[in-house]
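Visitor: I would like to go through this model with you, one question at a time.

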Amino acid sequence: MKRIHKERDRLLRRLTRITGLAGATGAFLCLLVPGAATAPEFAIAMALSVVVAGLLFVHTTRGSVAAALGVVAASVALVLTLGAAPVLDPATATALAVTGGVTSASVAAPLVVRRRGVLLVIVLAAILVASIAAAAVMSHHSMTEVLLTTVVGWTVLGVLGAWLDNGVLIAEARIGEVGRAHEAERIASELEAQQRQDARVLHDTVLATLSLLAHSGVGVSANALRDQAGDDARLLRQLRLGVPLDNGSNAIFSPGSDDDLLSTTFESVRQRFVRMGLDVSWHGAGQLVLPRETLDALVGALGECLENVRRHSGVTEADVTITDDEHTVRAMVTDAGDGFEPDAVDPARLGYAESVVGRLNAVGGRARVFSSPGSGTTVMLEVPKP
Amino acid sequence: MSTRSPKIATTIGEHSFLRPARSATAASNIRSSHGGRRLAIGATIAAGLLVLGHLARAVLMAPYFPPGLGPWPGWLALLAVVAVGCIGWQVFRGMPDWFYVLLLAGLIAPVWLDLQATSGLAAIGVTPTAAPAIGAVLMPVSTIRSRTLPIAVACGVAVALLADAVMQVGTAGSAVVPLLALAGGAVLPVVLTVAMLSGFSRLVRHEADLSLVQSTVGTARSAVGMRASEELAKLDFDAETLLEDVAAGRIGLPLSDDDAARAGELAAGLRVRLIEGRNDTWLKHAVAESQYLSGRVQVDDPTGLAGPLSAAQREGLLLALWLLVADPAKPSAVPASVIVGCRELDEAGLDDVEVDADDLHVATSVGITIEVDGVIHRRVDPATWDAVANVGVHQVVSAASGFRIEITCRIEPEALAPGQRHPAGRPIEEKSHG
């Protein structure tokens, strides 16, 4: 059974509990009015009232149909006991009306939504009506009001139950629609985000440019910075609009497995630094087949290293050497600049831990720094081959 | 990025950035439709039946009235109020506050006329008919406006009937009991309708929330999450705008302090989005996106171990969490806090698990602990345990003020489906089919 239907039944049983217990209590109180019934009938009626309340409780907590049928049976017994008595006090008549139209009718709501529920409810109501009529005939009392209340009560609760069921069905369909639409939205939006995240190299240059802007472009000419900003803005716009990208920037979006992917990507990094005033000389392999993630991590880490050289080394030249054996690809970033004491500098300060080590670790690689004051710096980046 | 300058914030009008908002609106439309039009129709039909019942009683009693107008002035007044209400509904295309209050106040007329006509007649079995019918009339009313006011009005009618009964108890004796029953009968339909409406909208709210959150079940193992996607898109757009302004010379170089600070903020935001949060899984997103789970459930899964759970396991876990927290029907069963923790199980401890020499090193089982504080495990919805059973083998440990569910989840190798990412970030090679 579907969850929403369980919830619906729970709600219907709650309505039954409110109605049924209100009715049972009401009828019980009516019977307590002096003169409402003679002693033996009173005792039976009291016992039946308690039974009805108990059965209602069982039905509304467990949802047992047998208990619901028991409620109706006990109500019939109550009607026959009190209705067939020689004297029908107004209080007793009220108790009967409440029993017929409220207490017993309360089970109509949860029963009507079951399979063949409408038929079941009609049959139960008919049994009750027949027993009221029988009592009236036996004792010659006018029980029109009891009959009327019973019919109205059963119909009203049946209608409420059926329409609640109907409302739940419609809500269920609409919730399903919204859920499916939302799932489509999620897929689309996550795909888009994935594309954005995958455009890691693009984001690296954007990050570098933004950092330069934040530091008022120290060490870079205004024109170069403006050109770089223009290029980055154009690429971001293309990424946003999903425009097919021209050849030069293709590599920046990490495409599949172009043979010259590596050299193109490295070339774009090189050009970026040339513009910023750092001349990067490239040595070694330009033809490497690496999984996209690994390549992105390597190129990203490389860019960060070069940015550190540009900012801190005090020289305008750096060398990048790529070598590989059957297990590993190594990239060495070397400068002949100021150098530093690796132990004396907190790696976190350079953004090194996060942007270099973190990235490489994520693909199973590692980074090592060799430097001492006055004799330049070498950073060795390693990533595993597939 | 709450400190983004207002200028940039206003430029983000692109529809693509409002994506999750659309489904949120759609969901709240179902929610706020106030129990649905179907329910209003049902309540109206039921109300009509009840009114007919009272009318039938009026017809039956009419011969016993003293000569005069009988029970009809009250009924005519009631009819007038209902008619004015229906016409006003059409004219104003809705229900302005003043009109609504005026109509409810107008109900004093039928009550007063009806009680006048039947006063002192309880002894011969004549009771008010139009006044208790007001309870029925209020049923559809409670579907369109506030739910407390109709109950208050129905209670007012009931009080009037009770007062009438008290005044006649000396002459009529036990014949005033039907009056008391009628007083109850005036309140019960409204209470029932209100209970039905609030229960229904609670049900719809819950189901809608669950269905929205369940879309996380089908995502890849380290998904970005809708919120993060939107943030990333916004950051990209802000960066684009700033860079374009710099390139076009709209912002001069070197940058002013404000602009430089903005560039720094954007860079920091992008860095966070791109580098951190890559271990966030569907579980974190589901909790963040749910109206009920967020703020009540804490996820402690720094390495993204919940990622490789299968769709069925995810659904079970989500449903279990959801059943644990989202049940205001029983206020005593709402826990004070729920913490979900994921940890890698010691594989040596699992004797029958064959550890593959898999260089990917994928955990074959994950331990999930749900710590619930502030509710004892017997008070929890039994459906929770079925849901937990779908996640894996579990055991419940009772604690001082709550309990702990410890689940051992087997990770099926199929969980490494094509296109999904390895927890370490490496893509899984696509399997070739056929």
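Visitor: How many residues of chain A are in contact with chain B, and how many of chain B with chain A?
Guide: This is a predicted model, and the side of chain A that touches chain B is made up, by class, of 39 nonpolar, 23 polar and 20 charged residues. The contact between the two chains involves 82 residues of chain A and 75 residues of chain B.

Visitor: Which helix gives the largest share of the side of chain A that touches chain B?
Guide: The elements that give two or more residues to this side include helix 1 (3-32), helix 7 (144-198) and helix 12 (292-313) of chain A. The largest share is 31 residues, and the element that gives them is helix 7 of chain A.

Visitor: Is helix 1 of chain A roughly parallel or roughly antiparallel to helix 9 of chain B?
Guide: The axes of helix 1 of chain A and helix 9 (residues 177-213) of chain B are 10 Å apart, and the two helices pack at an angle of about 165°. Because angles over 145 degrees count as such, helix 1 of chain A is, relative to helix 9 of chain B, roughly antiparallel.

Visitor: Is Val112(A) buried or exposed?
Guide: Val112(A) lies in helix 5 (residues 108-112) of chain A, and, leaving aside neighbours within four places in sequence, its contacts include Val121(A), Gly158(A) and Ala162(A). Val112(A) has 24 C-beta neighbours inside 10 Å, and since 20 or more are required, Val112(A) counts as buried.

Definitions and conventions:
Residues are numbered from 1 along each chain as its sequence is written. Chains are lettered from A and ligands numbered from 1 in the order in which they are written. This is a predicted model: local features need pLDDT of at least 70, side-chain atom pairs count only at pLDDT 80 or more; totals for chains, interfaces and linings use all residues. Two residues are in contact if their C-beta atoms, placed from the backbone, lie within 7 Å. Helices (H or I, at least four residues) and strands (E, at least two) are DSSP runs, numbered from the N terminus. Ala, Val, Leu, Ile, Met, Phe, Trp, Tyr, Cys and Pro count as nonpolar, Asp, Glu, Lys and Arg as charged, and the others, Gly among them, as polar. A residue is buried if 20 or more other C-beta atoms lie within 10 Å of its own, exposed if 12 or fewer, and partly exposed in between; C-beta atoms are placed from the backbone. Axes are lines fitted to C-alpha atoms, for helices over the stretch in contact, and angles run from 0 to 180 degrees between N-to-C directions. Angles under 35 degrees count as roughly parallel, over 145 as roughly antiparallel, 65 to 115 as roughly perpendicular and the rest as oblique.
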